[in-house]
Amino acid sequence: LVIRTNTLKATRDELKASLVTQGAQAIETSYSSVGLEITASPGIRTLDAYQRGFFMVQDEAAQLVSLMLAPAPGETVLDACAAPGGKTAQILERSAAEVVAVDKDETRLQLVEENLHRLGLSAKLIVGDAAKPEGWWDGKPFQRILADVPCSASGVVRRHPDIKWLRRRPDIDGFAAQQLGILRALWRLLAQGGKLLYATCSVFQQENERVVAVFLAHQP
């Protein structure tokens, strides 16, 4: 289990020391400068540091996304397919950007709201389909867009072993088509000179390199 320090409330060292006093133990992650791997705990949600919003549970690789997106203060950022809000929160923690978080599942969007509230953060939350921005976009371009698209989740089988039984080979083509549709739709929302980051938690090329290659082949 890996957590991300809410740097608006504590440093990683301060959080690590605080966890020890609460009966938990942690070691520093190798790639994320704000991550901690929990090695022992009485229960994450029971910890005072959790309840006070000092951290959020988030895999280490996911913690690197906001570093790649690198929004500047004052920029507008779109986090598409935002639930449960880990990346939304980290973008807000790292910059004074204005963040719009979109997800088509209203119930899951409530998770974003709950997590942001616990962490002491706020963003504009919109129930909407990332592939159909005409239903929710106000026409103002974004300087940064995170397209964290739905996928087979083949890269997180460690945490969700049932994926090996639930997924079927034809599912991959379906995900790829959906991902390409989202990418093409969101591209139109990007400001001149802006940055769009395409991300999945899949290890398959069909959902990653090949989707990007098809998009670039049709996008001057």
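This is a short chat about the predicted model shown above.

Reader: What should I know before I start?
Author: This is a predicted model: local features need pLDDT of at least 70, side-chain atom pairs count only at pLDDT 80 or more, and totals for chains, interfaces and linings use all residues. Residues are numbered from 1 along each chain as its sequence is written, and side-chain values use heavy atoms, with hydrogens and water left out.

Reader: OK. How many helices and strands does the chain have?
Author: Nine helices and nine strands. They are DSSP runs numbered from the N terminus: helices are H or I with at least four residues, strands are E with at least two.

Reader: Take helix H1. Which residues are buried there?
Author: H1 covers residues 12–21, and Arg12, Leu15 and Leu19 are buried. Buried means under 20% relative accessible area, exposed over 50%, and partly exposed in between (1.4 Å probe, protein chains only).

Reader: Why do they line one face of the helix?
Author: Seen down the axis of H1, the buried residues fall within an arc of 60°, so they line one face. The arc is that of the directions from the helix axis to the C-beta atoms. An α-helix has 3.6 residues a turn, so residues three or four places apart point the same way.

Reader: And which residues are exposed on the other side of H1?
Author: Asp13, Val20 and Thr21 are exposed there.

Reader: What do the buried residues of H1 pack against?
Author: Strands S1 (2–5), S2 (25–28), S3 (35–40) and S4 (55–57), plus helix H2 (48–51). Contact means heavy atoms within 4.5 Å.

Reader: What comes just after H1?
Author: Gly23, with a positive phi of about 90°.

Reader: New topic. In what order do the five strands of the open sheet run?
Author: S7-S6-S5-S8-S9, with parallel pairing. Two strands pair if DSSP finds at least two bridges between them.

Reader: Which strands stand at the edges?
Author: S7 (124–127) and S9 (190–199). Each has a single partner strand, so one side of each is left without a neighbour in the sheet.

Reader: How many bridges join S8 and S9?
Author: Six, in the parallel sense, with S8 at residues 142–148. In S9, Leu197 is the bridge partner of Leu146.

Reader: Which helix packs on the sheet?
Author: H8 (residues 169–187), touching S5 (76–80), S8 and S9. The direction of H8 makes about 160° with that of S9. Axes are lines fitted to C-alpha atoms, for helices over the stretch in contact, and angles run from 0 to 180 degrees between N-to-C directions.

Reader: Last one. What share of the chain is buried?
Author: Buried residues make up 48% of the 220 residues.
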